[in-house]
Amino acid sequence: LVRPAARLANRRDVARMALGALIGVPTGVWLLSRLDPLVIRWSIVAIVILLLALLMSGWRYRSQPKPPVTIAVSAVSGLLTGIAQIGGPPVIAYWLGGAVSAIVMRANFILYFAISTVLSAISYVWSGLVTAEVLVLAACMAPLYAIGVWLGSRMFGMASELTFRRICYAMIAAAAVFSMPILDGLLR
């Protein structure tokens, strides 16, 4: 997915996003190793719900992305990525709020999240958070993840712009609900 995305994405905007993530991801990993996990989880749920409410309110970022705003958004995204691998909402809120076509938006997402994934992997390994248990769990989940990516890439383009946005909103809402610590007894 990365190679075609690199051709379609706004590479300048993605590079600015990567700059913010370079700051945010290591900071998030550092916080992950030091803060109470329950506080982190509830904070992330609150942030996701607030960003979703903002998007669903109809607000749109109408002007051209400005470098300082782009970097700030990605620094927050990187922080959330480092803490809990949920750095999507700030970037999604920023790019979904703009007047960018679904094709460019999707390409931006793919390219940015590929870069932030590499930054995350380096930060997790560097901090000692990657253990044998984590690697086994990742290996077990990899086939399901690959199937999801493959299905999503095959289905992209089948939906209108409005349906695409609604699917994004539903995915954000599901992430918020399923991340709530109060549901641990039911879901974990």
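I began just past helix α6, where Gly128 takes a positive phi of about 85°; helices here are DSSP runs of H or I with at least four residues, numbered from the N terminus. The model is a predicted one, in which local features need pLDDT of at least 70, side-chain atom pairs count only at pLDDT 80 or more, and totals for chains, interfaces and linings use all residues. Residues are numbered from 1 along each chain as its sequence is written, and side-chain values use heavy atoms, with hydrogens and water left out.

I then looked up α6 itself, which has 26 residues and reaches 36 Å from its first C-alpha to its last, close to the 38 Å expected at 1.5 Å a residue (the expected span is 1.5 Å times one less than the number of residues).

Within α6 I picked out Ser120, which is buried at a relative accessible area of 2% (buried means under 20%, with a 1.4 Å probe and protein chains only). The side chain of Ser120 makes a polar contact of 3.1 Å with that of Gln85, and a polar atom of the Ser120 side chain lies 2.8 Å from the backbone oxygen of Ser116. A polar contact is a pair of N or O atoms within 3.5 Å, where within protein one must be able to donate a hydrogen and the other to accept it, and residues adjacent in sequence count only if both atoms are side-chain atoms. Leaving aside neighbours within four places in sequence, I found Ser120 in contact (heavy atoms within 4.5 Å) with Val25, Thr81 and Gln85.

Definitions and conventions. Helices (H or I, at least four residues) and strands (E, at least two) are DSSP runs, numbered from the N terminus. Buried means under 20% relative accessible area, exposed over 50%, partly exposed in between (1.4 Å probe, protein chains only).
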